[in-house]
Amino acid sequence: MAGIYIHIPFCKKACTYCNFHFSTSLSKKNDLIDALILEMELRKDDFNENVDTIYFGGGTPSVLSVLDIEKLLNKIQSLCNILPNPEITLEANPDDLSSNYCHDLFSLGVNRLSIGIQSFFDEDLKAMNRAHTSYQAYAAVELSKAAHFKNLSIDLIYGLPNTDLNHWKKNLEIAYGMDLQHLSCYALTVEPKTALAHQVRHQKIFIPEDAEVIDQYDYLMNTCDVNGFTQYEISNFSKPGFRSRHNSNYWKGVTYLGIGPAAHSYNGVTRRWNVANNAQYMNALKENQSFFEEEFITAKIKYNEYIMIALRTMEGIDLNVIDEIYKDSFLQKAGSQLHKGFIYRHKNHYRLTRSGIHLADQVILDLFD
């Protein structure tokens with residue numbers, strides 16, 4: 001099993017750009033914890049593989065108390081065999097990371113923090129309606145180090161409103177100087193039905209032009225190596241030995257178990273996804289009713305998903321993995337992308353070129369069956 005994912009669907013504030021499933025009301029937090037425990041118990045037969053990664057995502061898992069996290073970890077440990085030296089990640093917002101909280105998390109066995117910093121500048125954080133300040137962003141990293149965390153990742157966003165390349169350079173300069181092990185960097189995306197989409201539509205804020213965003217991403221790719229980071233996926237950069245094991249297993253197509261509202265699970269044969277509504281999820285579990293949908297993974301779905309996931313990684317698509325039924329079709333389509341200069345072949349692997357990376361979504365679609 002690639003691991004276990006626990007979705008914590010709570011946030012203190014709604015960021016302007018976010019379209020993930022979450023609630024800003026914490027009044028049902030304890031009920032949700034009980035529901036997560038109940039789902040684990042109902043799915044105990046699915047905990048039949050060795051587990052080497054556990055990932056608390058959201059939402060904002062750091063809104064949970066240490067006792068909440070301990071309760072969830074204890075339940076997981078009671079249901080499955082956790083291999084030695086597991087990677088246990090908790091996504092956190094800087095304003096939640098006090099000294100005591102960090103030390104207590106580390107004592108529980110959480111050994112990797114993914115901190116949602118997004119920017120080190122207050123004007124950016126305010127524009128995104130983030131709950132933390134730039135001071136808290138700096139402090140979160142230092143407090144984590146003081147609590148003995150040696151596997152720290154931060155999220156940063158480029159292409160922010162009213163920013164340019166120089167502004168992004170300053171954000172990266174700060175991050176590169178913080179002795180971090182991992183960076184996840186994402187282009188700001190204007191998702192439908194978000195506050196950001198409303199602001200852009202009514203010209204309350206202005207998003208940089210595509211050329212500016214590309215320049216910012218290019219600068220990231222051009223400077224990561226000299227600062228000790230290797231790009232191993234379109235949005236992810238790590239120092240040697242610090243790739244996200246949990247996410248890497250997703251990209252390898254290994255099985256995983258997702259617990260919580262909106263969480264997905266994959267066992268190699270079927271994929272299931274829980275209802276993306278806290279109240280419906282909790283009530284369905286209480287009433288012993290269905291709380292998920294499910295689909296069987298056909299050969300075509302498996303092929304397309306492999307193309308989508310593998311091409312985002314720096315290893316690329318392995319021709320040896322392509323099913324015999326799809327090999328001729330893939331080679332024909334890959335030939336067109338090779339001609340356009342969007343992918344290149346290295347031995348038996350097909351990888352995105354620099355220009356291909358900028359058009360990754362379209363290249364992937366063109367390779368689909």
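This is a predicted model: local features need pLDDT of at least 70, side-chain atom pairs count only at pLDDT 80 or more; totals for chains, interfaces and linings use all residues.
Local features need pLDDT of at least 70 and side-chain atom pairs count only at pLDDT 80 or more, while totals for chains, interfaces and linings use all residues. Residues are numbered from 1 along each chain as its sequence is written, and side-chain values use heavy atoms, with hydrogens and water left out.

**View 1. Strand β11 and its two partners.** Helices (H or I, at least four residues) and strands (E, at least two) are DSSP runs, numbered from the N terminus. Strands pair if DSSP finds at least two bridges between them. β10 (residues 264–266) and β11 run antiparallel, joined by 3 bridges. Here His264 stands opposite Trp273. The hairpin of β10 and β11 has 3 residues between the strands, and Gly268 takes a positive phi near 95°. β11 also pairs with β12 (residues 292–296), antiparallel, over 5 bridges. Arg272 has Glu294 of β12 as its bridge partner. Buried means under 20% relative accessible area, exposed over 50%, and partly exposed in between (1.4 Å probe, protein chains only). In β11 (residues 270–274), 4 of the 5 residues are buried, so the strand is largely enclosed by the rest of the structure.

View 2. Which residues of α3 (residues 99–108) are buried? They are Tyr101, Cys102 and Leu105. They cover an arc of only 100° around the axis, which puts them on the same side of α3. That arc is taken from the directions from the helix axis to the C-beta atoms. The face turned away carries exposed Asn100 and Ser107. Gly109 follows α3, with a positive phi near 115°.

**View 3. The largest nonpolar core.** A nonpolar core is a set of buried Ala, Val, Leu, Ile, Met, Phe, Trp, Tyr and Cys residues joined through side-chain atoms within 4.5 Å. The largest has 87 residues. Ile6, Leu72, Phe120, Ile154 and Phe330 have the most contacts inside it. Helix α1 (residues 29–42) gives the largest share of this core, 6 residues. Contact means heavy atoms within 4.5 Å. Leaving aside neighbours within four places in sequence, Ile6 is in contact with residues including Leu36, Met40, Phe56 and Ile259. A second, separate core of 9 residues includes Cys15 and Ile205.

**View 4. The lining of the second largest pocket.** A pocket is an open set of points on a 1 Å grid over the protein atoms alone, with protein on both sides within 12 Å along at least five of seven lines; lining residues have an atom within 4 Å of a point. This pocket is lined by 15 residues. Ser248, Trp251, Lys252, Thr313 and Glu315 lie nearest its centre. α9 (245–251) and α11 (299–310) each give two or more residues to the lining. α9 gives the most, with 4 residues.

Definitions and conventions. On a 1 Å grid over the protein atoms alone, a cavity is a set of points where a 1.4 Å probe fits but cannot get out, and a pocket is an open set with protein on both sides within 12 Å along at least five of seven lines; lining residues have an atom within 4 Å of a point.
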